[in-house]
Amino acid sequence: LLEDPEALADTLRTSEQVQDEDGWICERVQRGITSPAYDTGRYAPHLEHGAHHFHKLLWEALKTDSGD
């Protein structure tokens with residue numbers, strides 16, 4: 001990347017965008033936790049489909065490997 005200033009600039013722009021989006025999500029999660037509608041749990045279902053799906057797949061794979 002150091003040899004390609006355009007690629008470096010693009011990477012930095014993308015990184016900044018991802019960090020801005022993460023900040024946006026974190027702020028809303030923090031606000032949501034104080035809401036009376038919040039119920040404890042491991043995931044925010046409407047935001048973390050991918051993470052939940054991955055962990056379900058991992059759980060199934062680990063159960064299969066352990067003979068359960």
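How do the residues of the lining of the largest pocket divide into nonpolar, polar and charged? In this predicted model, the lining comprises seven nonpolar, three polar and four charged residues. The pocket itself, the largest in the structure, has a volume of about 290 Å³. Of the 14 residues that line this pocket, Val29, Ile33, Tyr38, Ala44 and His46 are the closest to its centre. An opening of this kind can be located by calculation, because rolling a probe the size of a water molecule over the atoms shows where empty space is left.

Some of these names return in the description of the surface. A nonpolar surface patch of about 520 Å² is made by Trp24, Ile25, Val29, Ile33, Tyr38 and Leu47. Val29, Ile33 and Tyr38, which take part in this patch, are also among the residues closest to the centre of the largest pocket. Tryptophan 24 lies in helix α1 and, with a relative accessible area of 47%, is classed as partly exposed. Isoleucine 25 likewise belongs to helix α1, and its relative accessibility of 34% also places isoleucine 25 in the partly exposed class.

Charged side chains were examined next, and a search of the whole structure finds three salt bridges. One of them joins arginine 13 to aspartate 10, with a distance of 3.7 Å between the closest N and O atoms. Both residues lie in helix α1, which spans residues 5-33, and they are three residues apart, about one turn of the helix. Within this pair, arginine 13 is exposed, at a relative accessible area of 51%, whereas aspartate 10 is partly exposed, at 41%. The two values fall into separate classes because exposed means over 50% relative accessible area.

Another salt bridge links glutamate 27 with arginine 28, where the closest N and O atoms are 3.9 Å apart. That distance still qualifies because a salt bridge requires the nitrogen to be within 4 Å of the carboxyl oxygen. Glutamate 27 is partly exposed, with a relative accessibility of 48%, and arginine 28 is also partly exposed, with a relative accessible area of 33%.

The remaining pair consists of glutamate 60 and lysine 63, whose side chains meet in a salt bridge at 3.5 Å, taken from N to O. These two residues are separated by about one helical turn because they stand three residues apart in helix α2, which covers residues 49-66. Glutamate 60 is partly exposed, with a relative accessible area of 43%, and lysine 63, at 25% relative accessibility, is likewise counted as partly exposed.

Definitions and conventions: Residues numbered from 1 in each chain as written. Predicted model: local features only at pLDDT ≥ 70, side-chain atom pairs only at ≥ 80, totals over all residues. Heavy atoms only, no water. 1 Å grid on protein atoms, 1.4 Å probe; cavity = no way out; pocket = protein on both sides within 12 Å on 5 of 7 lines; lining within 4 Å. Points joined across faces, edges and corners; volume = space filled by probe spheres on them. Nonpolar A, V, L, I, M, F, W, Y, C, P; charged D, E, K, R; others polar. Helix = DSSP H or I, 4+ residues; strand = E, 2+ residues; numbered from the N terminus. Buried < 20%, exposed > 50% of the residue type's maximum accessible area, 1.4 Å probe, protein only. Patch = residues over 30% accessible without salt bridge, like charges linked within 9 Å, V, L, I, M, F, W, Y side chains within 5 Å. Areas by Shrake-Rupley, 256 points an atom, 1.4 Å probe, with all protein chains shown as cover.
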